[in-house]
There are 2 protein chains.
Amino acid sequence: MDTTSRLLLLLEVVERGSFTKAALSRNIDRSVISKQMSRLEEDLGVRLLNRTTRSFSLTAAGAEMVKKAQQLRELLSETIRLAENYHQEPKGVLRITASTTIGHRYLQPVINDFQKRFPQVEVELHLDELVVDIVSEGFDLAFRIGEPKDSSLIARKIARNRLLLLASPEFIDTYGMPETIEELAQLPSASYSSQSIRVGSIRYYNDSNEECEQITNSTFRANNGEVLLMKALSGTAYVLAPAFMIENEVKDGLLVPLLTDLKLMNFSDMYAVYPHRDLPVRTRLFFDAVKDYLGQKVPIWENNIPNFENLYQ
Amino acid sequence: MDTTSRLLLLLEVVERGSFTKAALSRNIDRSVISKQMSRLEEDLGVRLLNRTTRSFSLTAAGAEMVKKAQQLRELLSETIRLAENYHQEPKGVLRITASTTIGHRYLQPVINDFQKRFPQVEVELHLDELVVDIVSEGFDLAFRIGEPKDSSLIARKIARNRLLLLASPEFIDTYGMPETIEELAQLPSASYSSQSIRVGSIRYYNDSNEECEQITNSTFRANNGEVLLMKALSGTAYVLAPAFMIENEVKDGLLVPLLTDLKLMNFSDMYAVYPHRDLPVRTRLFFDAVKDYLGQKVPIWENNIPNFENLYQ
DNA sequence: TTCATTAATGCCAAAATGGCACCAATTGGT
DNA sequence: ACCAATTGGTGCCATTTTGGCATTAATGAA
């Protein structure tokens with residue numbers, strides 16, 4: 001391991017906050033971190049870290065080296081990307097992050113087909129309800145609902161994402177079929193909530209085409225769409241669901257659309273997010289494959305909702 | 001060996017023009033170069049070099065990688081220098097280049113003493129009559145007569161360098177003692193000539209303090225001062241010698257100053273040259289040690305010439 | 001046409017790396 | 001205040017990588 005690699009390792013130790021966490025991230029033994037940090041200090045002839053048996057802090061020299069390591073990582077990443085531009089065939093590891101639903105339902109089938117076409121591409125699919133930092137976590141591509149807050153990332157819309165109001169027949173038996181949005185607002189709802197998106201109201205256009213917002217009685221919140229659907233299926237709440245979460249629940253009559261005359265505002269679109277404009281071949285091809293799979297104008301999941309093009313318009 | 005080191009090796013191969021020369025420079029086997037270049041291409045997934053069994057050329061991708069490697073080398077050098085700024089004690093390898101005379105006579109005694117004081121500093125002394133490129137050859141410090149032509153280098157004058165005209169008693173017996181510079185110009189001379197400095201005339205101030213130049217009959221030219229002195233000692237030429245080349249020849253009567261009333265112009269001063277303002281501790285301390293050894297106003301070598309302060313003034 | 005030189009490669013010894021087990025000290029929780 | 005879990009350090013050893021040597025093949029200069 002050379003000085004550059006050790007510097008990048010130092011950077012990761014600092015960014016993750018401990019030798020142990022950095023080791024876990026790299027899938028190497030803690031002793032490797034300890035030894036390599038010692039070697040780095042010996043090579044540079046300067047102490048970089050003050051360590052106790054449970055923690056560490058950076059010295060002044062260490063802080064300077066970390067800055068340099070950041071520049072080295074950036075330059076090395078650029079270099080490798082530049083090399084990847086010369087690739088004809090996609091190869092290497094494609095690291096993707098997405099929410100559980102997106103990953104499980106929409107990406108995995110694409111990945112399966114993609115790896116049949118390009119057997120020399122390895123894929124790492126990381127499902128996380130939390131929005132991860134794709135730069136520091138080393139992802140090539142992320143699929144998300146909503147544009148990223150980080151403006152240094154590149155975001156491309158890949159599918160629209162409409163909403164619908166759904167409840168089970170049992171729920172309707174219990175509370176009656178609501179006829180106005182005010183009636184609906186009194187009923188218990190299940191709603192999506194994460195660190196980046198919080199849905200606590202229904203936004204729609206009234207008869208005069210004005211934007212309106214109705215606060216809902218959100219009694220159950222989760223950051224996982226499947227969990228929200230399960231709550232609705234249980235008959236104890238209705239759900240304001242993004243269409244991409246729907247499989248066969250509507251088609252099978254397990255969930256019934258409510259207030260279908262309401263003109264709902266669209267939910268945040270689905271985006272592909274990546275750290276640089278220069279995409280390796282494998283990333284660009286995969287991105288295109290996902291777009292093809294989801295459909296150009298009408299996303300694939302809208303086919304699961306009968307007559308959806310006439311609902312909520 | 002990691003990607004960065006391999007990229008730096010690629011850079012050296014390209015700069016030196018062959019695997020063999022790069023191997024010699026690094027003091028490693030040629031097979032190492034071959035294997036590491038293959039590994040680099042495999043890692044990056046792109047061909048960098050087109051090779052025949054006797055030569056190579058860069059591919060387009062290779063040319064891009066070389067540019068990146070230059071940036072990497074610069075950044076890594078900066079990083080290491082930054083680390084060196086935190087050194088308290090001088091350590092590491094000090095690489096010095098100088099002409100044979102300077103190195104042998106003046107630097108070596110300083111090095112001996114310096115390494116007694118700082119046993120953990122290693123020194124590489126590279127003697128070369130040619131002016132070497134201290135950046136690409138990786139030198140910390142160069143000692144030279146005359147300022148460098150390369151303005152990106154830092155040059156510090158460390159000693160003045162006066163001239164004197166010398167001949168052996170046998171030469172004087174043969175040609176008679178010259179009494180004017182015109183007479184001298186008729187006699188055969190030995191003169192210094194290198195790629196950066198060519199001495200083919202005598203420059204002096206006349207009685208009206210005007211700068212004058214007398215072309216000499218230079219029948220023997222060399223880039224090594226000791227060889228020039230040997231020629232003068234042989235009685236077959238006189239020599240216009242920089243004072244720093246003189247040991248005991250004048251004191252012992254083996255060489256005699258000629259035309260001592262002549263007001264000779266000074267020769268190019270002796271300079272220390274280094275690639276960056278930021279000097280590692282070892283370089284700075286050594287520089288100071290050389291200055292101390294040579295003397296502040298009157299260089300040490302002028303002590304070898306009796307009454308020198310009254311000659312050629 | 002010949003020969004010297006240069007890049008490639010197999011084989012093997014040496015060096016470096018990484019993991020495991022264990023130790024010691026710190027810090028957090030009770 | 002005490003205890004236990006966690007984290008950094010290190011010795012030992014197996015594995016991997018590196019580097020050198022000998023040999024081969026091809027190129028280019030004389």
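Me: How do the residues of the surface near DNA strand D divide into nonpolar, polar and charged?
Reply: This is a predicted model, where local features need pLDDT of at least 70, side-chain atom pairs count only at pLDDT 80 or more, and totals for chains, interfaces and linings use all residues. Residues are numbered from 1 along each chain as written, with chains lettered from A and ligands numbered from 1 in written order. Ala, Val, Leu, Ile, Met, Phe, Trp, Tyr, Cys and Pro count as nonpolar, Asp, Glu, Lys and Arg as charged, and the others, Gly among them, as polar. On that basis, the surface near DNA strand D has six nonpolar, 11 polar and six charged residues.

Me: Which element gives the largest share of the surface near DNA strand D?
Reply: Helices here are DSSP runs (H or I, at least four residues), numbered from the N terminus. Chain A gives two or more residues from α2 (19-26) and from α3 (30-44), as chain B does from α3 (30-44). The largest share, six residues, is from α3(A).

Me: How many residues of chain A are in contact with chain B?
Reply: Contact means that two C-beta atoms, placed from the backbone, lie within 7 Å. On the chain B side, α4(B) gives the largest share, 12 residues. In total, 24 residues of chain B touch chain A, and the chain A count is 23.
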